[in-house]
Structures are given as C-alpha cells and as structure tokens.
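Morning, everyone. I'll go through helix packing, then a loop residue, then a pocket.

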Amino acid sequence: MLFFWFFMLVIDLLLPLTMVLLGRRFLQNPPDRANDSWGYRTVRSMKSNAAWQFAQEHWGSLAYRMGLILMPLSVIPLLFFIGADEKRIGMVGAVICLAQAVPFVASLIPTELALKKNFDKNGKPRS
C-alpha cells in the first residue's frame, strides 16, 4: 500500500513540476519566434514577434508561480491517506489530478487578457 501511495504522490506532482520547469524555461530561455511546435501558442500570441515574446514571459511567470503553489497543495491531502487502502488513495489522487487541471487551463485566461490589453488585433504593441 505504501508503494501505491508513493506512486500517486509522484503522479500528482507531475503537473506542478512540469509547470515549474516550463515556467522557468520560458522565463530564462523562451522560444525565439512563433512556431508550430514549441511555446505558448495561441492565435493572439503568434500575431507578432513582440506578442510572442510577451506571451512566453507572461505565461512562464504565471506557470512557475502556480506550479510552486500547487506542489504543497497536492502533497498535503495525500498525507492524510498514508496507509489507506489503494482504492481510497487512487480516488484522492485522481481528484487532485483533476483539480490541478483547472489552474493549468485557467492560466491561459490572464495571459490572453494581458495580450489583448497590450497588443492590438494585428499584434502591434499599444501605446
């Protein structure tokens, strides 16, 4: 049972750790220009190089901070289930994974709003 608990802990830390690592990467060494395979890729972010660079930095900062917050929030609930049966541990782990998806997807909203505020519809910076 302890092995399964540890396995769920690792699974539940994957998304927060990914957010921290990607966020840090986007802050320190973002993709140079818009492309079809790597980076924060939305229609608005790919309108211009300035919008692209802004989006990488904005989302990177947000993802990094959110990942750091999600890490302890993912571990703490599992601590209450050390020694529980596998079914219960699995259910708690699944709920944690689903709950993590909400801030991950929600991180798109402030980034898109910041792009809309700082760039016009053609991707040119607003004055």
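α1 and α2 pack at an angle of about 160°, and their axes are 6 Å apart. That makes α1 roughly antiparallel to α2, a label for angles over 145 degrees. The axes are lines fitted to C-alpha atoms, for helices over the stretch in contact, and angles run from 0 to 180 degrees between N-to-C directions. Helices are DSSP runs of H or I, at least four residues, numbered from the N terminus. α1 passes α2 in a left-handed crossing. Left-handed means the near helix is turned anticlockwise from the far one by less than a right angle, right-handed clockwise. The contact of α1 with α2 holds 21 nonpolar, 6 polar and 3 charged residues. Nonpolar is Ala, Val, Leu, Ile, Met, Phe, Trp, Tyr, Cys and Pro; charged is Asp, Glu, Lys and Arg; the others, Gly among them, are polar.

A word on provenance. This is a predicted model: local features need pLDDT of at least 70, side-chain atom pairs count only at pLDDT 80 or more, and totals for chains, interfaces and linings use all residues. Residues are numbered from 1 along each chain as its sequence is written, and side-chain values use heavy atoms, with hydrogens and water left out.

Next pair. Helix α2, residues 49–79, packs with α3 at about 160°, axes 10 Å apart. α2 and α3 are therefore roughly antiparallel to each other. Here the crossing is right-handed. Who makes the contact, meaning heavy atoms within 4.5 Å? From α2 come W59, M66, L70, S74, P77 and L78; from α3 come V92, I96, Q100, P103 and F104. By class, that is 9 nonpolar, 2 polar and no charged.

Now the loop. G39 lies between α1 and α2. Leaving out residues up to four places away in sequence, G39 touches F26, P31, W52 and Q56. G39 and A55 are 16 residues apart in sequence and 9.0 Å apart in space, C-alpha to C-alpha.

Last, the pocket. How big is the largest pocket? Its volume is about 170 Å³. L22, F26, G39, Y40, R41, T42, W59, F104, V105, S107 and L108 line it. α1 (2–28) and α3 (86–106) are the elements giving two or more residues to that lining. The lining splits into 7 nonpolar, 3 polar and 1 charged.

The criteria: on a 1 Å grid over the protein atoms alone, a pocket is an open set of points where a 1.4 Å probe fits, with protein on both sides within 12 Å along at least five of seven lines; lining residues have an atom within 4 Å of a point. Points are joined across faces, edges and corners, and the volume is the space filled by probe spheres set on them.

Key. Parallel < 35°, antiparallel > 145°, perpendicular 65-115°, else oblique. Contact = heavy atoms within 4.5 Å.
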